[in-house]
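Have the structure open as you read.

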Amino acid sequence: MSEPEHCPGVESESAGKSSACEGCPNQGACSSGSLRAGGGEDLDLYEIARKLSSVKHILIVMSGKGGVGKSTVASQLARYIAHASPEANVGLLDVDICGPSIPKAMGVEAEEIFTSASGWSPIFVEDNLAVMSCGFLLTSPDDAVIWRGPKKNGIIKQFLRDVDWSTGAGAGDQGLDYLIIDTPPGTSDEHISLVSYLKHVTGLRGAILVTTPQEVAQADVRKQVDFCGRVKLPIIGVVENMAVFTCPKCHQDSYIFKRSTATDSGKLLGGEKVKLLGRIPLDPLIGKSVDEGVSLFEAVEEKEGGGDKTANQTSAKTIAAFKEVWENVQAVIEPK
Ligand code: ADP
């Protein structure tokens, strides 16, 4: 989507107020004057808002610390949506600069980014699933460790501004229905930058927080809730990962980590209600799919074809969990 035909321009006195501005996603930001160079804000924000105006829903995936399965949830949720809704166009953007694991999880590690006049082209892993990661920019996996704050923030900004999500097999000119952004663990400067760069983007819906059931992980989620409150980022809900393990032999459920009563009551966060979107089981097939970069949902279908009954039952729970998470997210972002 581009600016209106008779766009007066962000610097004009009539920015956001002229009849040509009616219906433009940037109308509010333009009329407030906040996009003017003299208004103290970066003109890149205008460009980011323009570039992402064709994305209907943007979801930011965050976790209190590393290793809880944030990238797993982000990548498998993107795969689930693309698999369950073939008519939807899905994008996955990885801004976890110091540990980009999305290229591996999506099986596109060896790919290179191509540029065209309209920006960087994402890599399509399915007709309706496009991926972009800062991992594609690293010449060596150790590169990012030495990148400092301003450089990291510059890269995040560039990703938001310069990726052309409208190109590729399935996307056509329609743009994306859903863009999932995988962020670094914790709450860092990068999160503050990300949220501030997205502040005029109309499709920004909020954060999905990923945690594991242990108290120590949940304490980190409380910090995340506090962070989201401070940067005014709505919270869509919490996903509890590695919640239960179902033995493939006896089908008995084991709670490997102490089961949290807090999430059961929906009061994870010191009395503050945050919606529990779902509980993802600890499933060896998830680990395998992510490590091998293949779709969990296709892997399960293959197994079903192969008639491995015990593994099917475990993975059926995993798929049901992703379905539940997605339905709960949709209830918040696209209420019927
Ligand atoms: P984070 O992004 O929070 O650092 P990852 O998504 O990279 O964590 O996950 C860490 C490891 O745990 C990966 O090897 C991943 O395959 C594995 N993993 C994550 N969630 C699950 C799960 N529900 N069941 C089995 N393995 C999982």
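## The largest cavity

Start with the largest cavity, which has 13 lining residues; Cys7, Gly16, Cys21, Cys24 and Cys30 sit nearest its centre. A cavity here is a set of points on a 1 Å grid over the protein atoms alone where a 1.4 Å probe fits but cannot get out, and lining residues have an atom within 4 Å of a point. The lining splits into 9 nonpolar, 4 polar and no charged residues, with Ala, Val, Leu, Ile, Met, Phe, Trp, Tyr, Cys and Pro counted as nonpolar, Asp, Glu, Lys and Arg as charged, and the others, Gly among them, as polar.

This cavity holds about 80 Å³ of space, and searching the whole structure turns up 2 cavities of 30 Å³ or more. Points are joined across faces, edges and corners, and the volume is the space filled by probe spheres set on them.

## Where the numbers come from

The model is predicted: local features need pLDDT of at least 70 and side-chain atom pairs pLDDT 80 or more, while totals for chains, interfaces and linings use all residues. Numbering runs from 1 along each chain as its sequence is written, and side-chain values use heavy atoms, leaving out hydrogens and water.

## Cysteines

The disulfide count is 0, taking a disulfide as a pair of cysteine sulfur atoms within 2.5 Å. Cys247 is in no disulfide, and its nearest cysteine sulfur, that of Cys250, is 3.6 Å away.

## Around Leu198

Leaving aside residues up to four places away in sequence, Leu198 touches Ile48, Leu52, Ile60, Leu160, Ile181 and Leu204; contact means heavy atoms within 4.5 Å.

Technical notes: 1 Å grid on protein atoms, 1.4 Å probe; cavity = no way out; pocket = protein on both sides within 12 Å on 5 of 7 lines; lining within 4 Å.
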